[in-house]
Amino acid sequence: MEPRFLLLSDVAAELNVSDSQVYHMVRSGELPAIKIGGRGQWRVERTRLEEYIARKYDETADWVQSNPLIDRDAE
């Protein structure tokens, strides 16, 4: 069984980005997370990470549609 909550380092590994990039995404509100325990350690719920990934796929598809690849050979 996969854990419900992930460390920021686990999220970074899943997304293949740095820990500091994930921390920035959490602090900016781009990626929902919670603080746990007396030391306030960040945790990202797996379902929130999957929702984030799906949202990024949608945003990328929209970007690709509005920024078509120009065939340079056609000119």
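Student: Where in the chain is Ile36 found?

Tutor: In this predicted model, Ile36 is found in strand E2, which covers residues 34-36.

Student: Why is Ile36 called partly exposed?

Tutor: The relative accessibility of Ile36 is 40%, and the class in between runs from the buried limit of under 20% to the exposed limit of over 50%, so Ile36 counts as partly exposed.

Student: What makes the nonpolar surface patch that includes Ile36?

Tutor: The patch is made by Phe5, Ile34 and Ile36, and its area is about 230 Å².

Student: Where is Arg43, and which residues does Arg43 contact beyond its neighbours within four places in sequence?

Tutor: Arg43 lies in strand E3, residues 41-45, and, with those neighbours left aside, Arg43 is in contact with Phe5, Leu6, Leu7, Ala33, Ile34 and Ile36.

Student: What polar contact does the side chain of Arg43 make?

Tutor: The side chain of Arg43 meets the side chain of Gln41 at 2.9 Å, and because the cut-off for a polar contact is 3.5 Å, this pair is counted as one.

Student: How many salt bridges does a search of the whole structure find, and what makes Arg46 and Glu2 one of them?

Tutor: The search finds five salt bridges. The closest N and O atoms of Arg46 and Glu2 are 3.4 Å apart, which is within 4 Å, so the pair qualifies. This pair links distant parts of the chain, with Arg46 in helix H3 (residues 46-66) and Glu2 in the segment before strand E1 (5-6), 44 residues apart.

Student: Which of these two partners is buried and which is exposed?

Tutor: Arg46 has 15% relative accessibility, which is under 20%, so Arg46 counts as buried; Glu2, by contrast, has 55%, which is over 50%, and is therefore exposed.

Student: Which residues are linked with Arg46 in a network of salt bridges?

Tutor: Glu2 and Glu14 are linked with Arg46 in that network.

Student: Why is the pair of Arg4 and Glu45 called a salt bridge?

Tutor: The closest N and O atoms of Arg4 and Glu45 are 2.7 Å apart, and because that lies within 4 Å, the pair meets the condition. The two residues again belong to distant parts of the chain, since Arg4 is in the segment before E1 and Glu45 in strand E3, 41 residues apart.

Student: How do you know whether Arg4 and Glu45 are buried or exposed?

Tutor: Arg4 has a relative accessible area of 56%, over the 50% limit, so Arg4 is exposed, while Glu45 stands at 19%, under the 20% limit, and therefore counts as buried.

Key. Residues are numbered from 1 along each chain as its sequence is written. This is a predicted model: local features need pLDDT of at least 70, side-chain atom pairs count only at pLDDT 80 or more; totals for chains, interfaces and linings use all residues. Side-chain values use heavy atoms; hydrogens and water are left out. Patches are made of residues with over 30% relative accessible area and no salt bridge: like charges are joined within 9 Å, nonpolar side chains (Val, Leu, Ile, Met, Phe, Trp, Tyr) within 5 Å. Accessible areas come from the Shrake-Rupley method with a 1.4 Å probe; for residues, only the protein chains shown count as cover. A salt bridge is a side-chain nitrogen of Lys or Arg within 4 Å of a carboxyl oxygen of Asp or Glu. Buried means under 20% relative accessible area, exposed over 50%, partly exposed in between (1.4 Å probe, protein chains only). A polar contact is a pair of N or O atoms within 3.5 Å; within protein, one must be able to donate a hydrogen and the other to accept it, and residues adjacent in sequence count only if both atoms are side-chain atoms. Contact means heavy atoms within 4.5 Å.
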